[in-house]
Amino acid sequence: MGSGGVLVQATHRDLVVVGASAGGVEALRALVAGLPEDLPAAVAVVLHVPRTGTSALARILDRAGPLPATTARQGEPVTPGRIVVAPPDHHLVVVDGRFALTRGPTENGHRPAVDALFRSAAVVRGARTIGVVLSGTLDDGAAGCAAIRRRGGAVIVQDPVDALYPGMPEAVRAVVPAAVLPAAAMGPAIAALTRRSAEGRGRALPDHVLLEDAIVREGEEVGVVGTPSEFSCPDCRGVLNQVEPTRFRCQVGHAWTAAALGDAQDEAVQRALWTAVRSLEERTALAVRMADAATERGDERRVSHYRERRAEASDAARVLRTLLNPDPPGDPRAPEHPGAPPQR
């Protein structure tokens with residue numbers, strides 16, 4: 001049947017999709033080192049990286065194991081025994097028997113995004129897919145793994161004890177059954193899974209998953225996805241539609257899980273508060289200057305007024321600084337440049 005219907009497979013698993021974020025490079029090297037040179041499956045990798053600049057990940061993985069690794073190219077075939085890596089600022093997805101690169105909306109603030117790759121693999125390859133989630137924070141990859149499992153595919157996650165950041169593996173384990181292995185043991189386990197038949201009946205994917213896949217691949221409108229929520233999109237400030245209990249997508253197409261949305265909201269609050277601190281300190285400095293000018297003129301009434309304004313602004317700034325930076329002076333965890341919002 002079509003990609004959204006019941007899927008009956010009678011072949012081996014021939015596509016491995018791997019997702020990682022913070023702390024993922026070393027885990028990826030360990031995984032790739034354990035893959036056999038005759039692996040009868042293609043491997044596609046998404047590592048959350050900044051959308052600007054270049055990535056050396058393909059070269060790193062090419063040296064780490066026996067399989068050749070390259071940065072993915074638009075339209076290249078899904079070829080067994082090869083590793084392709086998503087380039088910065090492009091989603092890597094599977095379209096029929098080829099890989100595609102798109103500039104679709106970000107997911108959890110990322111492009112490339114793990115879930116975009118995993119979702120497309122579930123739609124196109126179904127039970128022939130092996131989803132692998134490595135080190136990372138928050139819950140990226142959980143929704144994509146759920147789609148892979150629903151279609152009859154297999155899921156492996158890095159042992160949280162082995163992961164530098166266990167958030168992503170733990171999030172996957174919370175929603176779907178998954179094999180739990182250290183990264184160094186994943187290569188042989190993946191090879192074993194590719195030798196097994198993928199015969200089985202995968203369930204149909206929900207309509208919203210198919211539409212979300214089309215959004216990333218083709219840029220389709222998203223107004224029909226989900227129902228309006230009371231939350232706004234951190235990227236574009238548009239209304240977020242609730243797609244699942246803990247997943248959202250805005251009218252533009254930006255996707256967020258509840259965990260990532262909360263993280264982005266915290267960052268926005270921090271940025272707003274630091275902006276308020278800067279404004280209050282500027283107000284304090286201006287009040288001092290105006291009080292000095294009034295003193296030179298002998299205008300005691302205005303001197304008193306500006307000194308009161310200075311005290312109010314200074315006290316408010318002090319309160320906000322204490323709230324934003326509770327660590328004692330000299331604590332190495334304190335921001336190097338007070339007044340700047342923390343990096344996500």
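A: Happy to. Helix α3 (residues 114-125) and helix α7 (residues 207-218) pack with their axes 10 Å apart, at an angle of about 120°. That angle makes α3 oblique to α7, and the contact draws on Ala116, Arg119, Ser120 and Val123 from α3, together with Val209, Leu210, Glu212, Asp213 and Val216 from α7. The crossing of these two helices is left-handed. Please keep in mind that this is a predicted model.

Helix α3 lies across β2, β3 and β8, and it runs at about 165° to β2. These strands belong to an open sheet of seven, ordered β4-β5-β3-β2-β8-β9-β10, in which the pairing is parallel. Its edge strands are β4 (69-71) and β10 (179-181), each of which pairs on one side only. From one strand to the next, the twist averages 20°.

Within that sheet, β2 (residues 15-20) and β3 (residues 42-47) pair in the parallel sense over six bridges.

Leaving aside neighbours within four places in sequence, Thr129 is in contact with Arg13, Leu15, Val17, Ala121, Ala122, Ile148, Gly153 and Ala154. Thr129 has a relative accessible area of 0%, so it counts as buried.

Two other elements are worth a visit while you have the model open. In helix α1 (residues 24-33), the buried residues include Gly24, Ala27, Leu28, Leu31 and Val32. These five cover an arc of only 130° around the axis, which puts them on the same side of α1.

Strand β6 (residues 91-95) has four of its five residues buried, so the strand is largely enclosed by the rest of the structure. Its pairing with strand β7 (residues 98-102) is antiparallel and extends over five bridges. His91 stands opposite Thr102 in β7. Two residues lie between the strands of this hairpin, and Asp96 takes a positive phi near 55° there.

Notes: Residues are numbered from 1 along each chain as its sequence is written. This is a predicted model: local features need pLDDT of at least 70, side-chain atom pairs count only at pLDDT 80 or more; totals for chains, interfaces and linings use all residues. Side-chain values use heavy atoms; hydrogens and water are left out. Buried means under 20% relative accessible area, exposed over 50%, partly exposed in between (1.4 Å probe, protein chains only). The arc is that of the directions from the helix axis to the C-beta atoms. Two strands pair if DSSP finds at least two bridges between them. Contact means heavy atoms within 4.5 Å. Axes are lines fitted to C-alpha atoms, for helices over the stretch in contact, and angles run from 0 to 180 degrees between N-to-C directions. Angles under 35 degrees count as roughly parallel, over 145 as roughly antiparallel, 65 to 115 as roughly perpendicular and the rest as oblique. A crossing is left-handed if the near helix is turned anticlockwise from the far one by less than a right angle, and right-handed if clockwise.
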